[in-house]
Structures are given as structure tokens and as C-alpha cells.
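Thanks, everyone. I have one structure for you today, and I will keep it short. Please look at it while I talk.

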Amino acid sequence: MNNDRRAFLKFGLAGAAVAGGLSQLLKVSPHEFNEGLTRKLLGARREAPTFPRDRAREPRANGDVGLDEEVADWSLKIEAPGLPARSMSLEEVKSLPRVEMTTELMCVEGWSEVVHWSGTPLRHIAPPQAPEYVSLTTPDKSYFVGLDLESALHPQTLLAWEMNGQPLTSEHGAPLRLVIPVKYGIKNIKRIGTIEFTAQRPADYWANKGYDWYAAL
Ligand SMILES: Nc1nc2c(c(=O)[nH]1)N[C@H]1C(S)=C(S)[C@@H](COP(=O)(O)O)O[C@H]1N2
Ligand SMILES: [Mo]
């Protein structure tokens, strides 16, 4: 990732505009800035690139916030305004339509890995008239991710239970994690406890620390 994109991710539009202006002063093409803007606006509608399955590798286990305790009685809690809260067992989640895909997990720290995932599109658990945002939190609430609805309902946004053909390990987010290849790694929350559909833009662990809330690639 070059500096424009890094600035864009960290400081949002204003930061990227400054970076773009700087790149012009420095006689560097502002192309990357424009591309960043386009991606921010259109990203959710685009398909992330996919790769041949044999390109898949095990990514480094990165970030363990919310992964301290193994959950003995795990179930997925689902909340939406005007609907009774419900919960699903892992077996119930796995009975939803299975999708496999080989996509790139891209960390803001500058590394990426191609990974093969199995899971079900998050849209299968969305209520019919879902509000504008989705909040996902670990069972202990210490890691939390906010998504715009369009990205959450993207066909490549999966609730995943397998990585490279094996059940998820604890460090990669067992029993269920998010895979959202149209966003940076920070949005790919491991060990989901609760998914809430909400009209308020949800808090986000890394956005709270200054990263762009959308974190679109
Ligand atoms: N619960 C939880 N999920 C998380 C994190 C974390 O610290 N805690 N880190 C994120 C970051 S920064 C990245 S790059 C990816 C890494 O996924 P991996 O460990 O499976 O490679 O997980 C994301 N999901
Ligand atoms: Mo990351």
C-alpha cells in the first residue's frame, strides 16, 4: 500500500486530499488518490478479486483482542429493531447455504495473504428490512466492528467456520468469524458473539483509534 492509500485509510477523505495535493506537489501521479476515492464510493458494489485455490496459505494470526476465553456454550446472538432477539447454534449457521471462496486478507500493517474460506453469506441472517448498519462484537465485547449495510450484505461477506479446508482454530476466530474481502483485515472480526442490525452507525475498535471507519480497500 502506498502512502496515499495509507493516509486515506487513516485520515479519511480530508487526509487523502492532502496526500493527493502533496503527491501533485511532489510530481507524483494523483491516480492512486482518485482510485481510493472511487473505491470508497463504489467499493461495496464491487467484487473483491478471487484466486486459484492452490494460492491459499495460512495467514499469520494477527490480533487477539476478544480471543482470551474459549467460549464453552457458544451461540450466535442476532438482534434487530422491532424483532425479538434470537440465537443460532453453530450447527444452525452451518445449515445455511455454503459458499467457498479464495480471497485476499489484507492487513493495514502492510501484509496480505490469499486464504480459502468456507461459510455462509451474512445476508442469509439479515432481516428483510434491515436498517443501515451492522455491528458485530466478540462474546466478551472487547473487539467490535461496524459495517455499512451494503458491505454487510455483499455476496462475498461470509460468516466463516473453515479456513483452508479446516475448522477455524481459536487464534483465527473459532467458532465463527467474519470474512469481508472488500474491507481491510481490521473489519474481519474473529469469534463473533453478537450481530446487531441497527440504525445508528456502530462504534468500531480501530475507527476509535483513528482509522477510517469504512476501511474499504
Ligand atoms: N476478535 C478479533 N478479530 C480480529 C482482530 C482482533 O484483534 N480481534 N484483528 C483483526 C486484524 S487487524 C486482522 S489483520 C485479522 C487477521 O486475521 P487472522 O488472524 O486470521 O490472520 O483479524 C482481524 N480480526
Ligand atoms: Mo490487521
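Start with D64: buried or exposed? D64 counts as exposed, because its relative accessibility is 54% and the cut-off for exposed is over 50%. One caution before I go on: this is a predicted model.

Where does D64 sit? Its place is the loop between α2 and β1. Helix α2 covers 31–42, and strand β1 covers 76–79.

D64 also belongs to a surface patch. The patch is negative, and its members are D64, D68, E69 and D140.

Now another aspartate, D204. Look in the segment after β10, the strand at 194–198. D204 has a relative accessibility of 3%, so it counts as buried. The cut-off for buried is under 20%.

What lies 3.0 Å from a polar atom of the D204 side chain? The backbone nitrogen of G146 does. The backbone nitrogen of A207 also lies 3.0 Å from a polar atom of that side chain.

Last, the whole chain. The protein chain has 217 residues, and 49% of them count as buried. Its secondary structure comprises four helices and 10 strands. Read from the N terminus, the order is α-α-β-β-α-β-β-β-β-α-β-β-β-β.

That is my part. Over to you for discussion.

Technical notes: Residues are numbered from 1 along each chain as its sequence is written. Chains are lettered from A and ligands numbered from 1 in the order in which they are written. This is a predicted model: local features need pLDDT of at least 70, side-chain atom pairs count only at pLDDT 80 or more; totals for chains, interfaces and linings use all residues. Side-chain values use heavy atoms; hydrogens and water are left out. Patches are made of residues with over 30% relative accessible area and no salt bridge: like charges are joined within 9 Å, nonpolar side chains (Val, Leu, Ile, Met, Phe, Trp, Tyr) within 5 Å. Accessible areas come from the Shrake-Rupley method with a 1.4 Å probe; for residues, only the protein chains shown count as cover. A salt bridge is a side-chain nitrogen of Lys or Arg within 4 Å of a carboxyl oxygen of Asp or Glu. Lys and Arg count as positive and Asp and Glu as negative; His and the chain ends are not counted. The place of a charge is taken as NZ of Lys, CZ of Arg, CG of Asp or CD of Glu. Helices (H or I, at least four residues) and strands (E, at least two) are DSSP runs, numbered from the N terminus. Buried means under 20% relative accessible area, exposed over 50%, partly exposed in between (1.4 Å probe, protein chains only). A polar contact is a pair of N or O atoms within 3.5 Å; within protein, one must be able to donate a hydrogen and the other to accept it, and residues adjacent in sequence count only if both atoms are side-chain atoms.
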